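Hi everyone, thanks for coming. Let me put the structure up, and then we'll go through the ligand site and one of the strands.

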Amino acid sequence: MTKLSPGQTIGILGAGQLGRMLAQSAVQLGFDVITFAPEKRPPAVQLASAHFNAAFTDAAALEAFAADADVITYEFENIPLSALDTVAPHAPIRPGRRCLEVAQDRLFEKDFLNTVGAGCAPYRSVSSQQELEEAVEALGLPAVLKTRRFGYDGKGQTFLRTQADIALAWDALGNAPGELILEGFVDFEREVSVVVARGVNGKARTYGPVWNEHSNHILHRSIMPAPVSDDCADEAITKALNVAEALEAVGVICVEFFVLKDGGGVIANEIAPRVHNSGHWTIEGTPASQFENHIRAITGLPLGLTDALGPVEMHNLIGNEIDDYETLLADPSAHVHHYGKPEARVGRKMGHVTWVRSDP
Ligand code: AMP
């Protein structure tokens, strides 16, 4: 496949809010969208012409979905690689299998980040309490113990501050499936991220760096531009481009960074092999959003401009913050997004709101 034409079909594995916003851009560009997810009525189905509701282990359902797709993409990184292997004979998968493979495992990911010179926190692989003790000895405290796989929004990780925390941390995570990784604590100045859109021809455009503030491990707000030096911004952009290139990604990926104190530059925290929450500001804040450029890239179309139209601020609406929906809409400059989720559970991303300012 070199290029898709309007009317052809984009298959999305996963159908949450990221899938929904991808579908919005796909539909805008004239493509058909089909989705595949274990949930019956996830956020993207309002925009999909067909929804395949089955488990990611259901090979027959995956084959039926793939048979109807001209290109396949995914909206979250915890899709089993076996699902990608089932759909692979039917259509190209983008950004690509390797992106997912690297990003799914924190140990592979950190090895990879060092290989491409993006840097990362010091780390040790841990598979027993004794190895955890040795890792603490090597890296010092504080440190963060994380599951290698299936962690997100702070799930599957625990902080160690004192020696007494070793046994507690092991009790909390030692039974987690797969092995663990201990990371040295990075006393960072702030967190930033860069979103990269890379086309089939290898040409790439970037968004950011944007400054991300978290609350309870969940992204709370993003501010563009990030208040960092030009050198620091350039370093983050170069490192993110190197990651995308080394992964041979086609589409959008995001690299999250820690900005070190005292002008120490940036080191990578993690790779999201997909469109990312810290890129939501691009919908109204740039000529071509991360979602649009992802669709352009995976369909072989040229990329659109990624420059910010002004200072931008994006707030996530988590849990019952979505109750502010009408109040926010009363502000005529607020771009309010509701993901159409029926139930506002604690910690659930229900929507977001973006303001594009005319001055800082
Ligand atoms: P992660 O899921 O690895 O992105 O971790 C979630 C958040 O926890 C990060 O965005 C940081 O705010 C914090 N965090 C994770 N790892 C470290 C670390 N090694 N040092 C300091 N803070 C960390």
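Which side chain has an N or O atom 2.6 Å from an oxygen atom of the ligand? That's Lys146. Before I go on, this is a predicted model, where local features need pLDDT of at least 70 and side-chain atom pairs count only at pLDDT 80 or more, while totals for chains, interfaces and linings use all residues. Residues are numbered from 1 along each chain as its sequence is written, and side-chain values use heavy atoms, with hydrogens and water left out.

Back to the ligand: a polar side-chain atom of Glu183 sits 2.9 Å from a ligand nitrogen, and a backbone N or O atom of Gly184 is 3.0 Å from a nitrogen of the ligand. The protein covers 94% of the 480 Å² of accessible area that the ligand has on its own (Shrake-Rupley method, 1.4 Å probe).

Where does the ligand lie relative to the domains? Domain 2 (122–184) and domain 3 (188–356) both contribute to its shell, so the ligand lies between them; the bounds come from an automatic or database domain assignment.

All 7 of its 7 residues are buried, so E15 is largely enclosed by the rest of the structure. Buried means under 20% relative accessible area, with a 1.4 Å probe and protein chains only.

E15 runs antiparallel to E12 (residues 218–224), with 4 bridges, and Ser222 stands opposite Met314. E15 is also antiparallel to E17 (residues 349–356), through 7 bridges, and there His315 partners Val353.

Note on methods. Polar contact = N/O pair within 3.5 Å; in protein donor to acceptor, adjacent residues only side chain to side chain. Buried < 20%, exposed > 50% of the residue type's maximum accessible area, 1.4 Å probe, protein only. Helix = DSSP H or I, 4+ residues; strand = E, 2+ residues; numbered from the N terminus. Pairing = 2+ DSSP bridges.
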